[in-house]
Amino acid sequence: MESASLRERQKERRRARIYGVAIELFKQGGFQTTTATDIARASNVSRGTFFNYYPYKEAVLLDYGSAVVEQLRHLAETRLSEGVAPTAVLQEVWMQLAEQNVHERDLIPPLAYEVLNPDPERARIAYQALPLGKVIEMILRPMQQAGQLRTDLSLSRMSNLIADTYLMIALRWSAYGGGRSLQDEMRLTLSFLMDGVLRR
């Protein structure tokens, strides 16, 4: 029993090391030019070992994105428990995500493409690893309970539409830039989206 527990801890440490090295290599040399072999070599593991932990290179980014979404969930829970209005919490979460995306601009496109992967299984795994819609749903729920949201769409659908819109805007900004900062682009987009979900 103790040896099994030790093996699990060793596996967790190895995975964490591979993840940390991979993210550093992506930041230094770019995601596209970094290979699984590069990551394995820098992590002091075999290429086969890398694929035991991550079946494809993009899977590393899913761990990264999952950690970002978890931070946003924690921020939202904290701010809502402090009595901050849901619309203000959504704005904070939205801007925090935009800042993260600006800071790690080169990681947005491959992460977004993974969510849009033509392989339905990979797309499903990516979607489950990045539950931004669930965070938004948690933020909007008090507004729904207060009767402030439109009723012709479910809360889940509205939340997912907002999350999907964020992804598309961030992807477009990352790939093509534009006249506005991502924060300004997202502020305008969120304002537009909220006008669409509030009851008139």
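Of the contacts in the protein chain with a separation of 6 or more, 68% are between residues 24 or more positions apart, where contact means heavy atoms within 4.5 Å. The model is a predicted one, in which local features need pLDDT of at least 70 and side-chain atom pairs count only at pLDDT 80 or more, while totals for chains, interfaces and linings use all residues. Residues are numbered from 1 along each chain as its sequence is written, and side-chain values use heavy atoms, with hydrogens and water left out.

The secondary structure of the protein chain amounts to ten helices and zero strands, both taken as DSSP runs numbered from the N terminus (helices: H or I, at least four residues; strands: E, at least two). Along the sequence this reads as α-α-α-α-α-α-α-α-α-α. Taken along the principal axes, the C-alpha atoms fill a box of roughly 60 × 50 × 30 Å. Of the 200 residues, 42% count as buried; here buried means under 20% relative accessible area, exposed over 50% and partly exposed in between, with a 1.4 Å probe and protein chains only.

Helix packing comes next. Two packed helices are described by the angle between their axes and the distance between the axes. Axes are lines fitted to C-alpha atoms, for helices over the stretch in contact, and angles run from 0 to 180 degrees between N-to-C directions. Helix 4 (residues 58–81) packs against helix 6 (residues 108–115) at an angle of about 100°, and their axes are 10 Å apart. That makes helix 4 roughly perpendicular to helix 6, on a scale where angles under 35 degrees count as roughly parallel, over 145 as roughly antiparallel, 65 to 115 as roughly perpendicular and the rest as oblique. Helix 4 brings Glu-58, Leu-61, Leu-62, Tyr-64 and Gly-65 to this contact, and helix 6 brings Pro-110, Leu-111 and Glu-114. By class, the contact of helix 4 with helix 6 has five nonpolar, one polar and two charged residues; Ala, Val, Leu, Ile, Met, Phe, Trp, Tyr, Cys and Pro count as nonpolar, Asp, Glu, Lys and Arg as charged, and the others, Gly among them, as polar.

Helix 4 also meets helix 8 (residues 132–145), where the axes come within 9 Å and cross at roughly 5°. Helix 4 and helix 8 are therefore roughly parallel to each other. From helix 4, the contact is made by Val-69, Leu-72, Arg-73, Ala-76, Glu-77 and Leu-80, and from helix 8 by Leu-132, Val-135, Met-138 and Ile-139. The class count for the contact of helix 4 with helix 8 is eight nonpolar, no polar and two charged residues.

Helix 6 itself is largely enclosed by the rest of the structure, because seven of its eight residues are buried. Those buried residues are Ile-108, Pro-109, Pro-110, Leu-111, Ala-112, Glu-114 and Val-115. Their cover includes helix 4, helix 5, helix 7 (120–129) and helix 9.

Turning to the rings, the model holds four aromatic pairs. Rings of Phe, Tyr and Trp (its six-membered ring) pair if their centres lie within 6.5 Å, and planes under 30 degrees apart count as stacked, over 60 as edge-to-face and the rest as tilted. Phe-50 and Phe-51 form an edge-to-face pair, 5.2 Å centre to centre with 75° between the planes. Phe-50 counts as buried at 0% relative accessibility, whereas Phe-51, at 32%, counts as partly exposed. The pair of Trp-94 and Tyr-166 is edge-to-face too, because the ring centres are 4.9 Å apart and the planes stand at 85°. This pair links distant parts of the chain, with Trp-94 in helix 5 (residues 86–103) and Tyr-166 in helix 9 (residues 155–176), 72 residues apart. Both Trp-94 and Tyr-166 are buried. Ring pairs also join Phe-50, Phe-51 and Tyr-54 into a cluster.

Charges sit over rings as well, which requires NZ of Lys or CZ of Arg within 6 Å of the ring centre and within 35 degrees of the ring normal. The charged end of Lys-57 sits over the ring of Phe-31, 4.2 Å from its centre, and that of Arg-105 over the ring of Trp-173, 4.0 Å from its centre.

Glu-185, in helix 10 (residues 182–197), counts as buried at 16% relative accessibility. Leaving aside neighbours within four places in sequence, Glu-185 is in contact with Ile-169, Arg-172 and Arg-180. Glu-104 lies in the loop between helix 5 and helix 6 and is buried, with a relative accessible area of 9%. With neighbours within four places in sequence again left aside, Glu-104 is in contact with Lys-27 and Tyr-64.
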